[in-house]
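Dear colleague,

I am passing a structure on to you, with notes on what was found in it below. Please read them alongside the coordinates.

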Amino acid sequence: MRRPLKQQHSHKRTDKHDIDLFDSLPDDLVVFILSKLSSSASSPSQFINILSTCKRLNRLALHRMVLSKAGPKVFAIKATNWSEYVHRFLKQCVNSGNLDASYTLGMIRFYCLKNRASGLSLMAKAAMKSHAPALYSLAVIQFNGSGGTKRDKDLRAGVALCARASLLGHIDALRELGHCLQDGYGVKQNVSEGRRLLVQANARELAFVIRSVTSESPSRAMTWQGDYSVFPLLSDYGYSMAVPEVQPANWFMREWFESGPGRVELGEGLRLCAHIGCGRPETRAHEFRRCSVCGKVNYCSRGCQALDWKLRHKMECSPEELVAEDNDGGADDGNEAVPQNDAV
């Protein structure tokens, strides 16, 4: 009797097209690609999406080289999303040598978490590597004696830090230096040189906004919370353009103190810098300079006052009787910001 033929089972053949080519890539090449992606990421979510793709990408995306190359927009964290995990991630980036992470975490620790020593150390670490925003932030701290008393102010140190940051192209530092020279604040007065630096700062500012308008991704627009009309920079000259992009640390601080845990501290008599793009709070009562005309707004620096004057305050500033200070000592000596001249 003839045996029945065995039924042959069809087995899937491994075709070359079915091979996962990603698994065949060496780790060094993947790390290099991830470094490019982290440096050009436009938001934290873009980098987080890489971490959640697969285990291998999660491991390689936390490589020291990838974290050291991460751009400042990766650290544009919302204050409402602050957590211990975010804190650990920033510390990991700092340990990898990322200057933007060192600056951002330093600002958060100094102003928001009130860890003054650690925050100063992180900002100084970035400043020593010629990180311009860190240099300027340290200058503002020196001008105000932030974290200490009035006696801790060091105007000469603030001017020196501004000068170094301005040489690195920091527009706010250049503007601050110009006002210091014009007013003789922390340096020998030189009105002509101060006005020259202010004109130079405006020229750089104009070049920045022109580039932002012609680029594919314009700068993030500023909005003011409340019933305020925000007037763009260079409005004195008939332009209507977006203002320069704000550092992630400044956005974080403003959100932290306006709608986050820091709003309780502001209710205790401390005030935010009135410039919308700053976000710095007072570390002691009456630390910031106030407008000498209306007395309603306060500024951490002359640079912030000049920007806010162009943005909105010149449209709402009006002479009024200044509210008498309380019996705690009043405003710091000399802490009255003079009104700005539209010409500069």
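A crossing is left-handed if the near helix is turned anticlockwise from the far one by less than a right angle, and right-handed if clockwise. Helices here are DSSP runs of H or I with at least four residues, numbered from the N terminus. This is a predicted model, in which local features need pLDDT of at least 70 and side-chain atom pairs count only at pLDDT 80 or more, while totals for chains, interfaces and linings use all residues. Residues are numbered from 1 along each chain as its sequence is written, and side-chain values use heavy atoms, with hydrogens and water left out.

By that rule, the crossing of α10 and α11 is left-handed. Contact, meaning heavy atoms within 4.5 Å, is made by residues including Val159 and Cys162 of α10 and Leu174 and Leu177 of α11. By class, this contact has 8 nonpolar, 1 polar and 1 charged residues (Ala, Val, Leu, Ile, Met, Phe, Trp, Tyr, Cys and Pro count as nonpolar, Asp, Glu, Lys and Arg as charged, and the others, Gly among them, as polar).

Helix α9 (residues 132-144) also passes α10 in a left-handed crossing. Their axes, which are lines fitted to C-alpha atoms over the stretch in contact, come within 8 Å and cross at roughly 165 degrees, on a scale from 0 to 180 degrees between N-to-C directions. The two helices are therefore roughly antiparallel, since angles over 145 degrees count as such, under 35 as roughly parallel, 65 to 115 as roughly perpendicular and the rest as oblique. Among the residues in contact are Leu135 and Phe143 of α9 and Leu161 and Arg164 of α10, and the whole contact divides into 12 nonpolar, 2 polar and 1 charged.

For comparison, α10 (residues 155-167) and α11 (residues 171-183) pack at about 135 degrees, with their axes 8 Å apart, which makes α10 oblique to α11.

With regards
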